[in-house]
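Let us take a walk through this model together, from whole chains down to single residues. Please keep the structure open as you read.

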Amino acid sequence: MTPEQRHFQALTLPFLDRLFSAAQQQLGSRQQAEDLVQETYLNAWRAFTSLEDEARVYPWLYCIMRRELADYYRRRGRRNALVSITSLEAAATELLQADGTDPLEHTLAALGNERMAHLMRLMPEVFAEALVLHDVEGFAYREIADITKAPIGTVMSRISRARRLLAGLVHQYRDTSDQALRQSVDGLEHKEVGR
Amino acid sequence: MNTQQTESRVEHERLAELLGAYLDGELSPEQVQVLEAHLLACESCQQELALQRDVRTRLEDQSIERAPAALRQRIQARLEDETKVQPAHKQNKPRWWTRVPAWTGWAVAACLALVIGLHFALGRHINSQPIPMVTAALANYHQRLAGALPIADTVALSKIRRSLPFPVTPITDLQPHLIAVWSLRISGEPAAALAYRLDNHVVVQYVVSESVFFRQPRVRQAVAAHGLYVVSAGRDSVVAWPGPDNGSLLVGPVSVNRLESLHPQEKLL
């Protein structure tokens, strides 16, 4: 192994878990997430000279993975309209007006990680991505704007709206079993692949 | 609706759009001032803010999925191959989602080798199955340490203490070096995290409820036999011990012995 490669690995491999987790959140398949992350590392190595600031290695890696992911979605076609945004907005409003003390907090606390990931995969990509980047990954708005090449105002609006949509999904699918929800996600993604 | 009502409605909608950013601390002081004045009188914005907070809090607890050990080895092997044959031009290779995974055979072998290696490398109390609270603490440690840490102050610590049904007891020797505190959920229950500077590292004490701490038989057995539970996971060590109505897990990239030296009950406040 060359010194440059050792340096590359020392810089990037500490972020393997985070990249894998983000990929898994968005793809819902361990195997696909592994393949995506592996390809990301190879592409990152080939583009290592483009890393200008080593302190920002994770956003740089995430950008590379995001391009790979976008390519994957473009080839396969995917979920731009898996759910009606209007109906989710309405469900969120209904939830806010429901009786009881903060029912959403209790409902969310009871949801498992897998169910949360399934619900997020029902959302349009840009919104799910906004939540993964900010609330799960902990990127700041400015970093998300850099990664997604979107104006900061758009980032702000996407995150806020995405939380409403997710609350709407939680409410809309509150009586759906985990298995039925998984089938619902798989079925929709499968249908999209076949178009 | 008259002109004044229309203007008020437009202003409300404009401010409601900012609630997520307000919660995330991404607004200017001037925007915060205007929004907080509006929030005092607007019930629907108060509800919307609660929704934003509830969703964010839940997603912050979404645990990090650890990458399979075999993936790390596979990536390292592929990177070494890349060095041997440095492509002059981008090759027209099949994409990862269409490729038959030719590495499957040796990846399984590598995985087996790693599992066997880990069995010997990991600490004296670890078994083949990870303990959920330890996995959650390690995942949170890596996630938090990779980003900016929230600032520790007495108000933040007091607020977290008030919100938890069990005592949060900082480690005496480390308390002067407390640099961050935050709340989280571990094993589905609320918990607190206290980050300290230790030498040139950051270590984090995760304080969980007694029921979460004693949930796993291996922890109970280790505590009964040694007074604490110890795990080494790669570069990181975890030392866990019971406290008064709670349990603490100290996580950091230092030796088990270094962490152990900080644990004894008499050193707790």
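A residue is called buried here when its relative accessible area is under 20%. A:Asn43 has a relative accessible area of 14%, so this residue is buried. The model is a predicted one, and in it A:Asn43 is found in helix α3 of chain A, which covers residues 30-46. If residues up to four places away in sequence are not counted, A:Asn43 touches A:Ile64 and A:Glu68.

Now look at chain B, where B:Glu48 lies in helix α4. Is B:Glu48 buried or exposed? B:Glu48 counts as buried, because its relative accessibility is 7%. Which residues is B:Glu48 in contact with, leaving aside its neighbours within four places in sequence? They are A:Leu96 and A:Arg164 from chain A, together with B:Leu19 from chain B.

## The two chains

Among the contacts of chain A between residues at least 6 apart in sequence, 75% join residues at least 24 apart. Chain A exposes about 8,300 Å², and carbon and sulfur atoms supply 50% of that area.

Chain B holds 11 helices and six strands. It has 269 residues, of which 43% count as buried. For contacts in chain B with a separation of 6 or more, residues 24 or more positions apart account for 59%. The accessible surface of chain B comes to about 14,100 Å², with 55% belonging to carbon and sulfur atoms.

## The sheet of chain B

In what order do the six strands of the open sheet in chain B stand? Reading across, the order is β1-β2-β3-β6-β5-β4, and the pairing is antiparallel. β1 (178-186) and β4 (229-233) of chain B each have a single partner strand, so these two stand at the edges and one side of each is left without a neighbour in the sheet. On average, neighbouring strands of this sheet are turned by 20° against each other, direction ignored.

A helix accompanies part of this sheet. Helix α8 of chain B, residues 154-163, lies across β1 and β2 (189-198) of chain B. The angle between α8(B) and β1(B) is about 25°.

## Strand β6 and its partners

β6(B) deserves a careful look. Seven bridges join β5 (residues 236-243) of chain B to β6 (residues 246-252) of chain B, and the two run antiparallel. Within this pairing, B:Ser237 has B:Gly252 as its bridge partner, while B:Pro242 is partnered by B:Gly247. β5(B) and β6(B) form a hairpin with two residues between them. In the turn, B:Asp245 has a positive phi of about 60°.

β3 (residues 201-209) of chain B is also joined to β6(B), by six bridges, and again the strands run antiparallel. Here B:Ser209 stands opposite B:Asn246 in β6(B).

How many of the seven residues of β6(B) are buried? Seven of the seven are, and the strand is mostly covered. Both of its faces are covered, with B:Asn246, B:Ser248, B:Leu250 and B:Gly252 buried on one side.

## The largest pocket

The largest pocket has a volume of about 1,800 Å³. Its lining is made of 47 residues. Which of the lining residues lie nearest the centre of the pocket? They are B:Arg56, B:Thr57, B:Glu60, B:Arg144 and B:Ser183.

Elements from chain A and chain B take part in the lining of the largest pocket. Those giving two or more residues are α6 (103-110) and α8 (125-136) of chain A, together with α4 (43-60), α7 (132-145), α8, β1 and β2 of chain B. α4(B) gives the most, with six residues. This is the helix in which B:Glu48 lies. Among the other contributors, β1(B) is an edge strand of the sheet, and α8(B) is the helix that lies across β1(B) and β2(B).

Methods. Residues are numbered from 1 along each chain as its sequence is written. Chains are lettered from A and ligands numbered from 1 in the order in which they are written. This is a predicted model: local features need pLDDT of at least 70, side-chain atom pairs count only at pLDDT 80 or more; totals for chains, interfaces and linings use all residues. Side-chain values use heavy atoms; hydrogens and water are left out. Two strands pair if DSSP finds at least two bridges between them. Helices (H or I, at least four residues) and strands (E, at least two) are DSSP runs, numbered from the N terminus. Axes are lines fitted to C-alpha atoms, for helices over the stretch in contact, and angles run from 0 to 180 degrees between N-to-C directions. Contact means heavy atoms within 4.5 Å. Accessible areas come from the Shrake-Rupley method with a 1.4 Å probe; for residues, only the protein chains shown count as cover. Buried means under 20% relative accessible area, exposed over 50%, partly exposed in between (1.4 Å probe, protein chains only). On a 1 Å grid over the protein atoms alone, a cavity is a set of points where a 1.4 Å probe fits but cannot get out, and a pocket is an open set with protein on both sides within 12 Å along at least five of seven lines; lining residues have an atom within 4 Å of a point. Grid points are joined across faces, edges and corners, and a volume is the space filled by probe spheres set on the points.
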